[in-house]
Amino acid sequence: MPRGKLPKGVHRVRRQLRSGVRFHFYAWRGGPKFWQDIIPYPTDPQFFREYAAVSASPEPLALSIQKLVDDFFKSAAMPEGERSQKDIKKWAGRFQAEFGKDPVLMFEERASRGELNRWRAQWLHSPKQHDVAGTHAVRVLNWAVEEGFLKEHHCHNLKKLYKPNRSEIVWTTEDRNTFAEKAPKWAIRILEAGCETGLRPADLVSLDLEKHIQTTRKGRRLCVDTAKRKRTAYIPITDRLAQIIDETPQGQQFLLVDGRGKKVTARRASNEITRWRRISNVAHAADGREKSLNDTRGTAATKLLNAGATLAQIANCMGWSVRYAANVIEYYATVSPDESELVLAKLNAAKTLENIHEM
């Protein structure tokens, strides 16, 4: 075969890696990969033998979305986390159910972007679900490009509707008292622990009374390796958190359990807080959004400031910037008049130490 030519039908994909350029060769577009090389036109006889072997059987019909998603689920592109896997299987599965019979190559057409937008429009009532549907569909399509099943697709940078900034959604003292009027004690402990630590639900429900509590010269603290950011968070144990810890029955391994004494999952903890918040008629945020377990982080930032933590320590614990942490605490003080004077005084002192006068 003349130099500079490939066998008819071979699909080549160029990838730029840290180690240099690599070329991946597929028996046909959307077909199996049979060779990888650093040159665009291989001359190694083995290249042609591998191609002959893989193309010996007739070329199948165009790869379908059904098969693509099935292959994606079996690939190394799937995350390790159980929760992440469930989310991807849920939403990529819905994408598969909608477009399963269609060929993958349809997404090389510009009109496919409109098709995808029309599909996710069924969740316009829930901006977060609307955006997640697009995110996971694009995740599959990006993988298809990486694996050579697609040359390109036109669904990048889909418009998002969900506003992730929840800095102005906090649990006030009044909210916590209202919640406690009707919620069972085990659910109250989850909410209170969230408001005192600021930990994400996954870390909160994993608090081990022996493993995570350390004695210090001034008292006790939590030492937690956070699941999301892989950081070690050192959290002062406030008076209220100390009470929750000390009230825990002897022999109980985890700080938070359900009514039957069993460890709760992050999802169940979040769902139960939402359930009992609705039953208790806890007020919505000023913009109408409902408060969740994740929104206890702003309350916790304030409690940690009162417990003597610096803004830098709070920001590190929460995974925030120092400026964002200060803004959250300042907002909390605004909506919690019973604590405003003390909180603002400590915040102003902390801002001075952190040298962020201009907010």
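**Exercise 1.** Is Phe107 buried or exposed?

*Solution.* The model is predicted, so local features need pLDDT of at least 70 and side-chain atom pairs count only at pLDDT 80 or more, while totals for chains, interfaces and linings use all residues. Residues are numbered from 1 along each chain as its sequence is written, and side-chain values use heavy atoms, with hydrogens and water left out. Buried means under 20% relative accessible area, exposed over 50%, and partly exposed in between (1.4 Å probe, protein chains only). Phe107 has a relative accessible area of 0% and is therefore buried.

**Exercise 2.** Classify the ring pair of Phe72 and Trp143, then that of Phe95 and Phe107.

*Solution.* Rings of Phe, Tyr and Trp (its six-membered ring) pair if their centres lie within 6.5 Å; planes under 30 degrees apart count as stacked, over 60 as edge-to-face and the rest as tilted. This rule gives 17 aromatic pairs.

1. The ring centres of Phe72 and Trp143 are 5.5 Å apart and the planes stand at 75°, so this pair is edge-to-face.
2. Because Phe72 belongs to helix H2 (residues 65-73) and Trp143 to helix H5 (residues 127-146), the pair ties together parts that are 71 residues apart in sequence. Helices (H or I, at least four residues) and strands (E, at least two) are DSSP runs, numbered from the N terminus.
3. Phe72 counts as buried at 1% relative accessibility, and Trp143 at 8%.
4. For Phe95 and Phe107, the centres are 5.8 Å apart and the planes at 50°, so the pair is tilted.

**Exercise 3.** Which residues of the largest nonpolar core touch the most other members?

*Solution.* A nonpolar core is a set of buried Ala, Val, Leu, Ile, Met, Phe, Trp, Tyr and Cys residues joined through side-chain atoms within 4.5 Å.

1. The largest core has 50 residues, of which Phe179, Ile190, Leu204, Leu255, Ile314 and Ile329 touch the most other members.
2. Helix H7 (residues 185-197) supplies the largest share of this core, 7 residues.
3. Another core, of 28 residues, lies apart from it and includes Phe95 and Trp143.

**Exercise 4.** Which element supplies the largest share of the lining of the second largest pocket?

*Solution.* The largest share, 5 residues, comes from S6. Strand S5 (219-225), strand S6 (232-236) and helix H12 (311-318) each supply at least two lining residues.
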